[in-house]
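Here is a short briefing on one protein model.

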Amino acid sequence: MIYNSYFYNTGQVVQKQRIHIISFQVPYPADYGGAIDVYYKAKALKESGYNVVLHTFAYGGRGYSNALREIADEVYIYKRNTGIMSLLSFMPYIVKSRDSKELLDNLLNDDAPILFEGAHTTYLLSSPLLKERKKLVRAHNIESDYYRYLAAASHSIPKKIFFILESWKLKLYEFRLQHADTIFAITAKDKEKLHRMCPSTDVELLPCFHNGTFGASTVKQRGRGDFILYNGNLSVEENIKAVLYLIEKVAPFTEGAHWIFAGSNPSERIMKAAGRIKGAEVIANPSHEEMQQLVHDAAANVLITFQATGIKLKLLNTLCNGGHCIVNDKMVEGSGLDHLCTIANKADEIIAAVNNLKEKKITQAEIEKRHAVLLEQYDNNRNIQIISRHL
């Protein structure tokens, strides 16, 4: 049964299909991969005529924002159970800490479909009380793989132990995703893994959602800055490893180029390493507008990763709004976007690419090629239809 709500518009009653979205974290500001996908997916659903009910968990300094009403008709915010009992549970911490009776009660107020954003939010997926509901899961990663990579990247023994245990718990837990009617994979590679993991469940490729717009500036304005940019969440192990690699192995050899490392909550290791290198600057916690300006102005955007999990939303943003984009293979794996970037895997290859491109302006033809490819593969309006077919 589909639950229908009503709202009044110029005196007429308009019927809207209702959908619940459970987000692992408050998706605003939409300044990192998972939050970007959730925010713009919810926005696209609402703009397509759905009555969106957003359920989300507050932590990491994120709480209610009026901006959430732009993507949802109703917003419910819950507190995570981050105590020792969640940590000691055999269930993954990222799942157990999002157990909420209040959330269950709110879901039971109607019969609308439920979209679980990430394995993190699936504690209630197998609940007998939701057995008859249409349940969809968006897999942002193969989480057991992701946490194994985090363990390998971490320099902290306590964190490394936590990541290893969490990866093991997730490996045992992920088969429970079979309780979903449909699992939406974010890459073709993930789709194959999820199909093997849950062979009796429908698994479909759903490309990630993003801001859906291309920079309105002319090509002559892109890349006008005199700096090289790396951007990302500078507090997560994956990005810390990438930044330290660039600072130590690349930046000192790029013929005096000025480097900017911009993102949220830069770790102490990044701050210390950047302080030792001439021409390296860290910009902490820039606003969305400031970050977009940096991406737009950079002579070249360098985006590397050492773990090929999910898809990197900052890559899409850079291709939409920035100039030259230098990446390694793992950054574009499974995205189909490698031919739009300059591929450089080793330190000397990245150095050569930076030295070659920092004085070279991107062409109109390159920008038009990007737009054609991105509109074909990553169009929000088209991809929202994939979700609609399953509701």
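**Briefing**

Asn-285 sits in the loop that runs between E11 and helix H10 (288–297). Helices (H or I, at least four residues) and strands (E, at least two) are DSSP runs, numbered from the N terminus. This is a predicted model, in which local features need pLDDT of at least 70, side-chain atom pairs count only at pLDDT 80 or more, and totals for chains, interfaces and linings use all residues. Residues are numbered from 1 along each chain as its sequence is written, and side-chain values use heavy atoms, with hydrogens and water left out.

**Backbone angles**

- Most residues other than glycine have a negative phi, and most peptide bonds are trans.
- Asn-285 has a positive phi, near 50°, and is not a glycine.
- Asn-285 counts as partly exposed because its relative accessibility is 45%; buried means under 20% relative accessible area, exposed over 50%, and partly exposed in between (1.4 Å probe, protein chains only).
- Glu-255, also not a glycine, has a positive phi of about 50°.
- Glu-255 belongs to the loop between H8 and strand E10 (258–263).
- With a relative accessible area of 60%, Glu-255 is exposed.
- Tyr-28 and Pro-29 are joined by a cis peptide bond, with omega about 0°.
- Pro-29 is in the loop between strand E2 (12–23) and helix H1 (33–47).

**The six-stranded sheet**

- Strands of a sheet pair through backbone hydrogen bonds, either parallel or antiparallel.
- Six strands form an open sheet in the order E11-E10-E9-E12-E13-E14, and the pairing is parallel; two strands pair if DSSP finds at least two bridges between them.
- The edges are strand E11 (280–284) and strand E14 (342–343); each has a single partner strand, so one side of each lacks a neighbour in the sheet.
- Strand E13 (residues 324–327) runs parallel to E14 and is joined to E14 by two bridges.
- Val-327 has Ile-343 of E14 as its bridge partner.

**Two buried residues**

- Asn-231 is part of strand E9 (residues 227–231).
- Asn-231 has a relative accessible area of 8% and is therefore buried.
- Leaving out residues up to four places away in sequence, Asn-231 touches Ala-262, Met-291, Val-295, Asn-301, Leu-303, Lys-314 and Thr-318; contact means heavy atoms within 4.5 Å.
- Val-250 is in helix H8 (residues 237–250).
- Val-250 counts as buried because its relative accessibility is 0%.
- Among the residues that Val-250 touches, not counting those up to four places away in sequence, are Trp-259, Ala-347 and Ile-351.
- The C-alpha atoms of Val-250 and Val-354 are separated by 9.3 Å, and the two residues are 104 residues apart along the chain.

**Helix pairs**

- The axes of H8 and helix H9 (residues 268–275) come within 10 Å and cross at roughly 10°; axes are lines fitted to C-alpha atoms, for helices over the stretch in contact, and angles run from 0 to 180 degrees between N-to-C directions.
- H8 and H9 are therefore roughly parallel; angles under 35 degrees count as roughly parallel, over 145 as roughly antiparallel, 65 to 115 as roughly perpendicular and the rest as oblique.
- Glu-237, Ile-240, Val-243, Leu-244 and Ile-247 of H8 make the contact with Arg-269, Ile-270, Ala-273 and Ala-274 of H9.
- The axes of helix H5 (residues 143–153) and helix H6 (residues 157–173) come within 8 Å and cross at roughly 165°.
- H5 and H6 are therefore roughly antiparallel.
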